[in-house]
Amino acid sequence: MLSVLAELQRELIIVNTRDGLAAARARGRTGGRRPKLTPDQAYHAQQLYDAGDHTCGRMVL
């Protein structure tokens, strides 16, 4: 009997979570972290990396 209640509770959590995500999407919200870099900063960083003009965290002696 307890397993039936646990399964029902799990299904309710899944349905409520999906409804909440759908409502957030309808309001224009998306999940995940916000990017640290703007698209321009990311493009510039990629250009520097591709050109080999980047710094790394280690010293070369």
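These legends accompany several close-up views of one predicted model. Local features rest on pLDDT of at least 70 and side-chain atom pairs on pLDDT 80 or more, while totals for chains, interfaces and linings use all residues. Residues are numbered from 1 along each chain as its sequence is written, and side-chain values use heavy atoms, with hydrogens and water left out.

View 1. The chain has 61 residues, and 2% of them count as buried (buried is under 20% relative accessible area, exposed over 50%, partly exposed in between, with a 1.4 Å probe and protein chains only). Its accessible surface is about 6,400 Å², with 58% belonging to carbon and sulfur atoms; the areas come from the Shrake-Rupley method with a 1.4 Å probe, and for residues only the protein chains shown count as cover.

**View 2. Helix H1 and the glycine after it.** Helix H1 covers residues 2-26, and its end C-alpha atoms lie 36 Å apart, in agreement with the 36 Å that its 25 residues should span at 1.5 Å a residue. The expected span is 1.5 Å times one less than the number of residues. Just after H1, look for Gly28, with a positive phi of about 90 degrees.

View 3. The 13 residues of helix H2, 39-51, reach 18 Å from first C-alpha to last, close to the expected 18 Å.

**View 4. Arg10 and Glu11.** The structure holds 1 salt bridge, a contact that needs a side-chain nitrogen of Lys or Arg within 4 Å of a carboxyl oxygen of Asp or Glu. Arg10 pairs with Glu11 in a salt bridge, their closest N and O atoms 3.9 Å apart. Arg10 is exposed at 52% relative accessible area, whereas Glu11 is partly exposed at 40%.

Note on methods. Helix = DSSP H or I, 4+ residues; strand = E, 2+ residues; numbered from the N terminus.
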